[in-house]
Amino acid sequence: MVDRRSAWTGDELGRIGEADELEIASLRPDGALRRARTIWVVRHDDDIYVRSVNGPDSAWYRGVQQRHEGHIASGGVEKEVDFVDADHGIDDQIDEAYRAKYGYFPTGLNHILRAEARSTTLKLVPRS
């Protein structure tokens with residue numbers, strides 16, 4: 001099996017990391033893209049992470065679980081990505097990234113830091 005994953009460039013990491021939001025669309029079983037949803041996004045080291053503020057019952061998150069592939073757009077960057085379950089050993093560090101970036105909106109921040117949302121943390125891996 002060929003590994004299609006690649007790394008983000010420094011420019012992509014910077015642009016996505018600075019962007020307030022990310023448009024995310026997963027692939028349907030037939031390969032068509034679902035409707036894009038707007039969500040929060042954070043950078044941690046050389047990786048990009050997202051969470052479902054509404055936990056695992058969110059429509060976009062359930063869609064991601066079917067194929068683990070999709071398309072994102074953020075900060076002028078558009079990429080095909082794989083959605084990879086994050087290492088939950090870094091949940092506290094991801095929480096800190098969310099606090100630093102979205103602390104201006106405490107209500108939303110409190111939701112994205114809940115256990116239900118933390119359980120949905122995904123790493124976005126660009127496809128080459």
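Let's start in the largest nonpolar core, which has 30 residues, with Leu22, Val50 and Tyr98 touching the most other members. A nonpolar core here is a set of buried Ala, Val, Leu, Ile, Met, Phe, Trp, Tyr and Cys residues joined through side-chain atoms within 4.5 Å. Buried means under 20% relative accessible area, exposed means over 50%, and partly exposed is in between, using a 1.4 Å probe and protein chains only. The element that gives the most to this core is helix H3, residues 91–102, with 4 residues. When I say helix or strand, I mean DSSP runs numbered from the N terminus: H or I with at least four residues for helices, E with at least two for strands.

A quick word on what you are looking at. This is a predicted model, where local features need pLDDT of at least 70 and side-chain atom pairs count only at pLDDT 80 or more, while totals for chains, interfaces and linings use all residues. Residues are numbered from 1 along each chain as its sequence is written, and side-chain values use heavy atoms, with hydrogens and water left out.

Back to Leu22. Which residues does Leu22 touch, if we skip those up to four places away in sequence? The list is Ile16, Arg37, Thr38, Ile39, Val41, Val50, Ile72, Ala73, Ser74 and Leu124. Contact here means heavy atoms within 4.5 Å.

Now for the charged residues. Side chains of opposite charge can pair when their charged atoms come close. The structure holds 12 salt bridges, each one a side-chain nitrogen of Lys or Arg within 4 Å of a carboxyl oxygen of Asp or Glu.

Take Glu12 and Lys79, whose closest N and O atoms are 3.0 Å apart in their salt bridge. Glu12 sits in helix H1 (residues 10–18) and Lys79 in strand S6 (residues 77–85), so this pair ties together parts that are 67 residues apart in sequence. Glu12 is buried, at 11% relative accessible area, while Lys79 counts as partly exposed, at 22%.

Next, please find Asp95, in helix H3. Is Asp95 buried or exposed? Asp95 is buried, with a relative accessible area of 4%. Its side chain meets that of Arg51 in a salt bridge of 2.7 Å, N to O. That pair links distant parts of the chain, 44 residues apart, with Arg51 in the loop between strand S4 (47–50) and helix H2 (59–67). Arg51 is buried too, at 1% relative accessible area.

Asp95 also has a salt bridge with Arg118, at 3.4 Å, N to O. Arg118 lies in helix H5 (residues 115–118) and Asp95 in helix H3, so here the parts tied together are 23 residues apart in sequence. Through shared partners, salt bridges join Arg51, Asp91, Asp92, Asp95 and Arg118 into one network. Arg118 is partly exposed, at 22%.

Last stop: the largest pocket, with a volume of about 180 Å³. On a 1 Å grid over the protein atoms alone, a pocket is an open set of points with protein on both sides within 12 Å along at least five of seven lines, and lining residues have an atom within 4 Å of a point. Grid points are joined across faces, edges and corners, and the volume is the space filled by probe spheres set on the points. How many residues line this largest pocket? There are 13, of which Thr38, Ile39, Trp40, Val53 and Ile112 lie nearest its centre. Strand S2 (37–39) and helix H4 (106–112) are the elements giving two or more residues to that lining, and H4 has the largest share, 3 residues.

Terms used:
On a 1 Å grid over the protein atoms alone, a cavity is a set of points where a 1.4 Å probe fits but cannot get out, and a pocket is an open set with protein on both sides within 12 Å along at least five of seven lines; lining residues have an atom within 4 Å of a point.
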